[in-house]
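Thanks for making time this morning.

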Amino acid sequence: MLSAGLTNGLLTVEGQQWRTQRRALAPLFAPRTVANFAAPTIDAATALVDRLRACDGQIVDIAVEVTRVTLEVLERTMFSDGLGHDTEVIRVAMKHYFEAIGRLDPFDVLGVPAIVPRLSRWKVQPMLRLFEAAIDAIIAARRHRIAEDAARVPRDILTLLLEARDPDSGAALSEAEVRANILTFITAGHETTANCITWALYLLSQSSEWRSRVQAEAERELDGDIDGLSDRLVQTRAVIEEANRLYPSIAAISRAAIGPDELAGEWIRRGTMVVFEPYVLHRHRKLWREPDRFDPSRFLGEERAAIDRFAYLPFGAGPRLCIGAMLAMQEASIVIAVIMRNFILELAPGHAVWPQHRVTLRPAGGLPMIVRQR
Ligand code: HEM
């Protein structure tokens, strides 16, 4: 269902095309490249602080505000020339897009052949066209700049994407692949990371102990060297890992079997859809102590080291592991530290938080919180 808009992008391509793309795109997410994105992340987080200052004492939907930040981080790290369109328009279109594709079409349930058009997918078309037009304009503008003065072009993800080459063949990505991957990075990168930050802020609002720990760490570390900042936010990262355990943004991962196989005693036929659910795994009583309790200390020290690799899958596992995981962790830790240093966020009275699973797992009805300056 997802591939409707993301055909030719890393998330949906298969086989040799995936191998070639993954190798060509790896340098875009290498530690050194990701480290360069810490400064633009602080800028976007600081812009959020300015917006929230104007709302002192008021109720704000933190899910909306955080989504705005993650889109801004993408804008600053990928396209430092800007998204070319109004960021807010894209954010709203993206939300509708996810809502539309996150619903199962009755035709899918009834097994109607894919060749029959789905009403739900028609609804997505205008939004896809909006993204595609925005993205084409961005690529064209950048190619123009590279042609004019390559030395002064920003070294952001867009430039790296246009320069990406398969290490073996030296082949560049096709025009369709460049566009699909930009769309993929926006779709795969912004709502997932926003949910992760949103859930962490909600959980922090419920624990004075961890609030104090994260605040103290933010005060100690944020003014220090930007190099290695995210790695020094140890307590904050533990909170994020715990949020990713309790509310994994990708709560279910699926595969279609390419051939017959046996899995845990079950016979799997070719074409069978196999779904595994990090949400369930992450709260399994046999794998976790007090599974429903928010306790980030399980992600610190020896206890962290003892977690089974396959008991904790917020970013998946195996060759299709999330390519943006390091970027997401860096972004979430910096944004949360900046927010916690400046504000106390308290859940709006009477609001019940409940997870809602569309394509990603997010709080139903957003996250209304009272914002107070510290
Ligand atoms: C907290 C934030 C994030 C979460 C929870 C997350 C989660 C995941 C998961 C579970 C997968 C594997 C899907 C599967 O196996 O079918 C995945 C793949 C992927 N993610 Fe993320 N992701 C996050 C952030 C990002 C960011 C920031 C980017 C890029 C800017 C990104 C780009 C991708 C891409 C391109 C893939 C496909 C990789 C491949 O198939 O080779 N993600 N992500």
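His 282 is buried, with a relative accessible area of 0%, where buried means under 20%, exposed over 50% and partly exposed in between, using a 1.4 Å probe and protein chains only. This is a predicted model, in which local features need pLDDT of at least 70 and side-chain atom pairs count only at pLDDT 80 or more, while totals for chains, interfaces and linings use all residues. Residues are numbered from 1 along each chain as its sequence is written, and side-chain values use heavy atoms, with hydrogens and water left out.

His 282 is found in the loop between helix H14 (278-281) and H15, helices being DSSP runs of H or I with at least four residues, strands runs of E with at least two, both numbered from the N terminus. The side chain of His 282 reaches the backbone nitrogen of Leu 313 at 2.8 Å.

Turning to the ligand, the only protein donor of its iron atom is Cys 322, through SG at 2.3 Å; donors are N, O and S atoms within 2.8 Å of the metal (3.2 Å for Na, K and Ca), and water is not among the atoms, so sites may look incomplete. Cys 322 sits in the loop between helix H15 (301-305) and helix H16 (325-342).

Which side chains place an N or O atom 2.7 Å from an oxygen atom of the ligand? Those of Arg 22 and Arg 255 do, and for Trp 18 the corresponding distance is 2.8 Å.

Conventions:
Polar contact = N/O pair within 3.5 Å; in protein donor to acceptor, adjacent residues only side chain to side chain.
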